[in-house]
Amino acid sequence: MSELRCPMCGNPNLEDAQLCRVCQAQLKPILGAQGSDSNGGESNEVDWLSGLRDGIESQSESPAGEGRWENDAFEKEVPDWLARIRQRARMEEEANPKDSFSTRDDLSLTGDENPDWLKEIQSGSESARREERSDAWLDLPEGSTDEGSKTVAGGEDDSSLKAAEAPPAQGDDIPDWLNGGEEEQPSDEAAGLGEEADLPFWLKALEGESAQAPPGWQPPGEQEELPDWVHTAEAGDREAEETVTAREEGEVPAWVGAFSVAEEETREETATDEEVETAEMSAFLPGETEREERIGAPAAFTIPIEELASEPEADKAPPPFVEEPIEGEAFVSASPFTEGSLFEWLDELASEPILEKNTSGAAPFSSEAEQEPTPAGEKIGYPFSGDDLPDWLSDVALAETSEYPLRGHEQPSSTGEAELQPSELPGWLEAIRPLEAVAPEAETEGGEETVASDGPLAGLPGILAPLTQAVGYSKPPGYSARLRLTEKQRAHADLLEKMLADETQPRQARLELIKDPQRLLRLMVGVILIAVLIFSASLTVGTTGLYAPLELFNFNNQIEAIPDGAPVLLAFEYQPGYSAEMQRIATGMLNRLMAKNTRLTLVSTVPAGPILAEQLIVEAAARLAREGGTVNPGYAAGEMIVNLGYLPGGIASLQEFSLRPQQASRYGLTSALDGTQAWTHPALAGVGDLRDFSAVVVVADSLESGRAWLEQVQPALGETPLLVVASAQAAPLLVPYLASGQVSGMIAGVTSGMVYQEISQTPLETGFLNAYRSGMLLAVLLILVGIIIHSVSLLFAARKSSSG
Amino acid sequence: MPATDLFWTLAGFILSLLIFSYLFGDNPLFRLASYLFVGVTSGYVAVVILYQVLLPRLVYPLLGGEFQERSITLVPLLLGALLLTKISRRFSSLGNVPMAYLVGVGAAVVIGGAVLGTILPQVQATLDVFDFQTGAAMASKPVAQLIEGSIVVVGTVATLVYFHFGAALQPNRQTRRHRLVEWLAAIGQVFIAITLGALFTGVYAAALTALIDRLEYFAATIRMLTTFF
Amino acid sequence: MRAPLAAAIAIAVGSIVLAGYFFPLQLLKDVQALLIGWGVILTGVAALVGIFNLVGVHWRKMSAPTESDVYSPLLILAFLVTFVAGLILTPAGAQFQKVVTFIQAPVEMSMLALLAISLAYACLRLLQRRKTTLSLVFLISALVFLIIGSGYLSALYQIAGLSDLYGLLTRLPLAGSRGILIGIGLGSLTAGLRILMGFDRPYSG
């Protein structure tokens, strides 16, 4: 059985082993076991970072000078290589405690000057929470993983171009040795942006999520509180595209580029929403732009790097390779991980033996290279040389089978020409690729190999769980504040808007010219109708033989059954427009009631009803006088008629009126001001309830008004008959109540009214009746004419079509 | 004729003429009369409500009522005050409570009236057609009454079925009413058309009466004005 | 839940009022009458609110900087004059009652008279619009009832054998009317129950 060497520690393992038995490193590409062990891989891979973070956090928690790095629980989780780093740091700390303290002072000072959110991060006490955070910041943002993997494997993506937009980290809060770049600062923090679920809240905000800051978190609202590299972020972003070709591949870790790509793509897709997002950002971080937030937030991630760098430099000033301002186009391009960046030197450390063979210049790890300013475009010296190199890195460098590939620094640009394709790696680099030697090639979902592109694990395929885990995630959707409408919806909305606008704007009424044949025809019909009515009204021909329906006889019988002087309730439920018809229908009834000296109580649920009622009585008397009849001369209207007035509330008031009529209409039309209660009127003597009326007559012009009385009042009437005097338009729909016995009798329309007048021996308005019948007959003729015209037109059309 | 009567007569006459100008199409005169009519009617209704509703049912009990009556009247007073906030957009939400009160009362009244005043009596009347103990069946021509009653029952049921729009999903994914329902709906359509024809006639008759009255009014007013001047 | 307090009030009040219809308890009847009485007062207030809103709308239209409505001042003027006159004269005043008899009634009757002309014109074109079975039955029905309404065929009623047919024709709309009435009742019942159950809340706007 062949053995498999660990890419981390070089120890041999069984061929089918997944993890190194010594350092627990991932032996095989994680993509191959993605489906089953993605989470576990993630936890393993981020341990070194989480440990560093936790170390910082525990250090910030401890009082100054105490500065303990040890955390037993944490120690057990960290891999060996990191343990060696920490062990070495511990040794150096013991050797030079002052510097160690100064480093911690820097840290504490940083903590003081850091925004509150950073303090909050640093003051996290629960280890689980710390691990989660460390996991989170290592994770890539959603949507960036694909880009990152493509960048590494395909080399055709423009993520490197976007990676150049990674913000430089620089500021007063950063130790001096990190300020050496002045303009540029690694933005590897951006790479720590994890998946959405694991993202810190401030990173969620970067992605446009409505992240809520924890209570103790204060947004870095003012620029001076932010690191300087935040302020230069935008400039770096803008210049990045211009200078991307000047940078060598590997200047920016792929995951940084991937993050930038994700940011850019999101920004492009939601271009219309950028203002909304900015507004949300403003609420989240007042006074800062989105990018400033994106960069400013992860400032805490400089701390592990800072400490990593400070460990070997504990006894001297910050290394000149970072202290000295690095000039040149590549650095102006604002990528914090340009040449000589912290992650690059880690990778280059891994390839040290090869570099020593192939570089003709100064040794990369020589002290000269560290102290001399690096000219633009040249390789930057390595921070660790000779003995400064950590043991684990030395081991890796010396082990042939564990040499790291430098693919993690391969950053294909959008042009695809300034970058080296994976297949175009230099021969020496191909030769040292450990993946083919130690592990089977893993295939990504897209058939491309996913390779860790940054960090100390760079080059290991599928080693970083966040990469693989994020493959399953889709790009975060860009939510638009604008309502997206289809064309049809837009057309409907426009139509509705136009309709509403037309309604709100008064139309300029103009005298429309009668040029439309239809309008002219309508005018002609009107003229003919009026002429016929006038002519027929002038005739004095008597009317005989009118049909008397059964309900009319019943009505008459009920009226005649009312005792003389009995109280009768009259409800006038019609609008003023129907007063002409109702007057003519009700005249005969009123005549009979007054002839019987009945006491009339008037009420209405129509505001104009009480006045119309009085007018009807007056008009009835006048009409009778005109036609030669007379109203009962002994009828004293003042004492026999009481007007209860208006009942507000429609059917509700009728229900109240049926329940307690005296409370519902306490004051009449004329007694509201003097306070006289209507029910003390002589006309209502002996009446305390609706059942006390001898009859209830409803004069209704519509189905609704009649139905209201039938539904609300009639059930409470008991034996008291309810009679209806209905307009012709309401009669057809009130007939069923007649058939059901709810209505005891009905006069429906003018014709029935005239018949009742004949029955009650009330003089008729012959002129009116003649006009009415002529008008009805004219309508019949018009319908027939219409049928003839239509038939003729159809006939002509049929002939035309047959001849054509 | 008193001057006020002349004024009112002229006002009514002119307004009627302005309305009749609509025969020639929409025009400013017709609009003038319409707006005046709406304004006058609004003012009249406001006055009637003040004198017929608020004064007798709200103000008088509060000012001159007994303690119990005053206490009871405080509730509609409060609700009415809240309802007045509907005028303001800012405070209109305060008026939701009295509006809810109104809607609740109205809904209950509608339900009670519909059940007790229409549905049950009309259903009972429909069934009574076949009750030979009632007067209809005991009429002089029971066969004719029975036929007429059957027509009424079929027409009533068919009309109700016509307004039933429930349908089942057919195997060909089309929704279609049951065949029997379709037949009854077609019959109901005929009865509805007959009823609508009767309603059309009734509306025309009512309008015709108004037209005749207006013609008489014009003639009478002109006669009166000619004699006056 | 939208407008929970308002919904609770609507449901509670409506339930009590509805119970008063079906349970003949005097106490319940009294409470029902009291609640309805309050509702009647509120209806009056609601009408006032509607009127004030109408006037406010026309006031805004009148004072609009652009395209102000020239008729709105007339409406407001008519309202104010009527309102002030009504406050002074009271609805019992004979002169104030002429607002109804000399303005409202003539205007409304004139509008109704115009409807007669429009319907007469519609008679001419009844068949030209739609040529379906429904329209044909409607046309025949209108024709028959117009003839009956004119009274010229009343003589047929006196002819033996035709009186039954005449009576049947006049009662024929009963079937459709009853179906429509029951349908209206069922619709009212459904709408009311939806409100009392809180499904519809037209008051929470």
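The model is a prediction, in which local features need pLDDT of at least 70 and side-chain atom pairs count only at pLDDT 80 or more, whereas totals for chains, interfaces and linings use all residues. Residues are numbered from 1 along each chain as its sequence is written, and chains are lettered from A and ligands numbered from 1 in the order in which they are written. The pLDDT is below 50 over residues 97–115 of chain A, a stretch that has 31 contacts in the model beyond near neighbours in sequence, two residues being in contact if their C-beta atoms, placed from the backbone, lie within 7 Å. Residues 348–388 of chain A also have pLDDT below 50, with 78 contacts in the model beyond near neighbours in sequence. Where pLDDT is low, the predicted coordinates should not be read in detail.

Chain A contains an open sheet of six strands in the order 5-4-3-6-7-8, with parallel pairing; strands (E, at least two residues) and helices (H or I, at least four residues) are DSSP runs numbered from the N terminus, and two strands pair if DSSP finds at least two bridges between them. Strand 5 and strand 8 (745–748) of chain A stand at the edges with a single partner strand each, so one side of each is left without a neighbour in the sheet. Direction ignored, neighbouring strands of this sheet are turned by 15° against each other on average, where axes are lines fitted to C-alpha atoms, for helices over the stretch in contact, and angles run from 0 to 180 degrees between N-to-C directions. Helix 32 (residues 609–626) of chain A packs on the sheet, where it touches strand 3, strand 4 (599–604) and strand 5 of chain A, and its direction makes about 150° with that of strand 5 of chain A.

Strand 3 (residues 567–573) of chain A pairs in the parallel sense with strand 6 (residues 695–700) of chain A over six bridges, and A571(A) stands opposite V698(A) while L570(A) stands opposite V697(A). Seven of the seven residues of strand 3 of chain A are buried, so this strand is largely enclosed by the rest of the structure; a residue is buried if 20 or more other C-beta atoms lie within 10 Å of its own, exposed if 12 or fewer, and partly exposed in between, with C-beta atoms placed from the backbone. P567(A), L569(A), A571(A) and E573(A) point one way from strand 3 of chain A, and V568(A), L570(A) and F572(A) point the other way.

Strand 3 and strand 4 of chain A pair in the parallel sense over five bridges, with P567(A) opposite R599(A) and L570(A) opposite L602(A). The chain crosses from strand 3 through helix 31 to strand 4 of chain A in a right-handed β-α-β crossover, that is, one in which, with the strands pointing away from the viewer, the path from the first strand over the helix to the second runs clockwise. Six of the six residues of strand 4 of chain A are buried, so strand 4 is likewise largely enclosed by the rest of the structure. From strand 4 of chain A, R599(A), T601(A) and V603(A) point one way and L600(A), L602(A) and S604(A) the other way. Strand 4 and strand 5 of chain A pair in the parallel sense over four bridges, and I641(A) in strand 5 is the bridge partner of L600(A).

Chain B comprises six helices and two strands, which run α-α-α-α-α-β-β-α from the N terminus. Of its 229 residues, 45% count as buried.

The contact between chain A and chain B takes 49 residues from chain A and 44 residues from chain B. Helix 29 of chain A gives the most to the side of chain A that touches chain B, with seven residues. That side of chain A divides into 30 nonpolar, 12 polar and seven charged residues, where Ala, Val, Leu, Ile, Met, Phe, Trp, Tyr, Cys and Pro count as nonpolar, Asp, Glu, Lys and Arg as charged, and the others, Gly among them, as polar. Between chain B and chain C, 98 residues of chain B are in contact with 96 residues of chain C, and the side of chain B that touches chain C has 69 nonpolar, 23 polar and six charged residues. In helix 4 (residues 94–124) of chain C lies M111(C), which is buried, with 21 other C-beta atoms within 10 Å. Leaving aside its neighbours within four places in sequence, M111(C) is in contact with G577(A) and I19(B).

Key: pLDDT = per-residue confidence, 0-100.
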